[in-house]
Amino acid sequence: MPDWYSVVNDIALFLGEVMIERHPHLRWEFHTWGKKNASYQRHVIMGFSTEDPRYHTNMDIDRGLAVYGQRIVSGEDVEVDIFWRWLKNVESRA
């Protein structure tokens with residue numbers, strides 16, 4: 001339902017702001033390159049270290065939250081500490 005997308009977006013913006021507050025060199029950016037990239041034309045967090053090639057240089061929090069919510073609604077088992085793990089992941093990559 002469209003109303004839930006608004007909730008997901010608000011939570012994503014809040015988490016993004018928490019990440020930026022804790023790591024001021026991170027920033028919001030509108031992803032405008034790589035038309036085949038899943039984050040193309042979406043707001044993402046940028047400024048991560050590129051030293052570890054397993055990680056992308058951006059984080060699309062909105063998409064991750066939407067997938068997480070869909071898993072809950074469909075009855076899948078989900079990790080209850082996923083938000084905490086995302087923040088710890090940012091800390092290790094920032």
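The model is predicted.

Start with helix 3, residues 82–93. Its 12 residues reach 16 Å from the first C-alpha to the last. That is close to the 16 Å expected at 1.5 Å a residue. Five of its residues are buried: Ile 82, Trp 86, Leu 87, Val 90 and Arg 93. They cover an arc of only 145° around the axis, so they sit on the same side of helix 3. The spacing fits a general rule. An α-helix has 3.6 residues a turn, so residues three or four places apart point the same way.

What do the buried residues of helix 3 pack against? Their partners are helix 1 (2–22), strand 3 (58–59) and helix 2 (61–73). The face turned away from the buried side carries Trp 84 and Ser 92, which are exposed.

Now look at the surface. Met 1, Trp 4, Val 7, Ile 11 and Phe 83 form a nonpolar patch there. Together they have about 540 Å² of accessible area. Helix 1 supplies the largest share of the patch, 3 residues. Val 7 is found in helix 1. Its relative accessible area is 35%, so Val 7 counts as partly exposed.

Finally, turn to His 23. This residue lies in the loop between helix 1 and strand 1 (27–30). Is His 23 buried or exposed? Its relative accessibility is 16%, so it counts as buried, the cut-off being under 20%. Leaving aside neighbours within four places in sequence, His 23 is in contact with Val 90, Glu 91 and Ala 94. Of these, Val 90 is among the buried residues of helix 3.

Terms used: Residues numbered from 1 in each chain as written. Predicted model: local features only at pLDDT ≥ 70, side-chain atom pairs only at ≥ 80, totals over all residues. Heavy atoms only, no water. Helix = DSSP H or I, 4+ residues; strand = E, 2+ residues; numbered from the N terminus. Expected span 1.5 Å × (residues − 1). Buried < 20%, exposed > 50% of the residue type's maximum accessible area, 1.4 Å probe, protein only. Arc of directions from axis to C-beta. Contact = heavy atoms within 4.5 Å. Patch = residues over 30% accessible without salt bridge, like charges linked within 9 Å, V, L, I, M, F, W, Y side chains within 5 Å. Areas by Shrake-Rupley, 256 points an atom, 1.4 Å probe, with all protein chains shown as cover. Salt bridge = Lys/Arg side-chain N within 4 Å of Asp/Glu carboxyl O.
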